[in-house]
Amino acid sequence: MNKAFYTGASGLRAYQTGIDIIGHNISNSQTTGFKATKPEFRELINSNMDVNKNRELADNEKIKEGNGVRMWHDDLNFTQGNFNATDYPLDFLIAGDGFFALRNDDGTIEYTRNGSFDVSIEGENAAFLVNADGKYVLDQLNQPIQLDYIPETRSIDVEKVKPRLGVFSFTNPNGLTRTDGGSFLVSNNSGAPENADPGKYTLYQGSLESSNVQLSQEMTNLIIAQRSYQFATKVVTTSDEIEQLVNSLRG
């Protein structure tokens with residue numbers, strides 16, 4: 001099978017992945033604290049078409065043929081999302097670098113920019129800060145935050161919540177692994193979590209961070225990726241037609 005077929009097939013694989021990523025970004029444009037992923041593509045290594053002639057040419061004049069395209073990076077975009085004032089005292093927004101920490105039922109810890117929290121009443125006298133999925137929000141020592149709870153009035157002291165919130169940072173946040181719920185897990189590339197430098201973030205109460213997805217840019221990226229996918233499809237189709245023609249001539 002000729003090289004053009006494989007070149008086109010590489011484009012189909014790469015741009016289908018890109019379209020999936022862009023679609024995921026668009027579908028989460030209203031998700032609190034969501035961070036978009038940016039797909040980037042790169043051509044595969046070129047090969048010399050005429051080895052003998054290329055020996056006589058400078059590097060920028062050599063005659064080469066491409067071998068397709070591949071997904072090069074799918075980096076997370078951690079630019080700040082817009083501020084959304086809610087006036088709910090258990091909503092928190094990190095302006096700057098940092099993540100909130102959540103503890104899963106199996107003991108693993110995940111990190112998020114979504115500061116939409118609530119209260120979990122446990123027993124008669126205990127109350128803990130949790131997210132919408134019931135996961136414990138952790139303090140600076142990675143411990144669940146037990147709230148000052150008054151059983152008689154079923155109320156908590158909201159003023160004491162903000163100072164206890166843990167905010168964590170990573171040497172390489174782009175190395176974090178995204179979870180299905182939009183949070184992140186530590187990986188070998190991200191480095192270990194550390195208490196964030198207070199000088200690099202500000203914590204706001206009564207506000208949430210919107211998704212940083214720019215719909216206009218994502219739609220532009222989607223059109224480009226779709227057109228590229230269509231061109232790759234044409235290359236595969238044309239290659240197949242040429243192959244059939246050659247085989248019929250041989251017959």
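This briefing covers the fold, nonpolar cores and salt bridges of a predicted model. The chain has 251 residues, of which 34% count as buried. Its secondary structure comes to 3 helices and 19 strands.

**Overall**
- Of the contacts between residues at least 6 apart in sequence, 67% join residues at least 24 apart.
- The accessible surface is about 14,800 Å², and carbon and sulfur atoms account for 49% of it.

**Nonpolar cores**
- The largest nonpolar core holds 18 residues, and those touching the most other members are F92, F100, F117, L129, V137, L165 and L203.
- Strands β6 (92-96), β7 (100-103), β10 (126-131) and β18 (201-205) each supply at least two residues of this core.
- Another core, of 9 residues, lies apart from it and includes L76, F99, L176 and F184.
- Beyond its neighbours within four places in sequence, L129 contacts residues including L90, F117, V137, I145, L147, V161 and L165.

**Salt bridges**
- The structure holds 6 salt bridges.
- One of them pairs the side chains of K35 and E209, at 2.5 Å from N to O.
- K35 lies in the loop between α1 (3-27) and β1 (37-43) and E209 in strand β19, so this pair ties together parts 174 residues apart in sequence.
- K35 is buried at 0% relative accessibility, and E209 is buried at 2%.
- K135 and E110 form a salt bridge with their closest N and O atoms 3.0 Å apart.
- That pair links the loop between β10 and β11 (136-137) to strand β8, 25 residues apart.
- K160 and D157 meet in a salt bridge at 3.9 Å, N to O; K160 is partly exposed at 46% relative accessibility, and D157 is partly exposed at 29%.
- Shared partners join K35, R113 and E209 into one salt-bridge network.

How values were computed:
Residues numbered from 1 in each chain as written. Predicted model: local features only at pLDDT ≥ 70, side-chain atom pairs only at ≥ 80, totals over all residues. Heavy atoms only, no water. Core = buried A, V, L, I, M, F, W, Y, C linked by side-chain atoms within 4.5 Å. Buried < 20%, exposed > 50% of the residue type's maximum accessible area, 1.4 Å probe, protein only. Helix = DSSP H or I, 4+ residues; strand = E, 2+ residues; numbered from the N terminus. Contact = heavy atoms within 4.5 Å. Areas by Shrake-Rupley, 256 points an atom, 1.4 Å probe, with all protein chains shown as cover. Salt bridge = Lys/Arg side-chain N within 4 Å of Asp/Glu carboxyl O.
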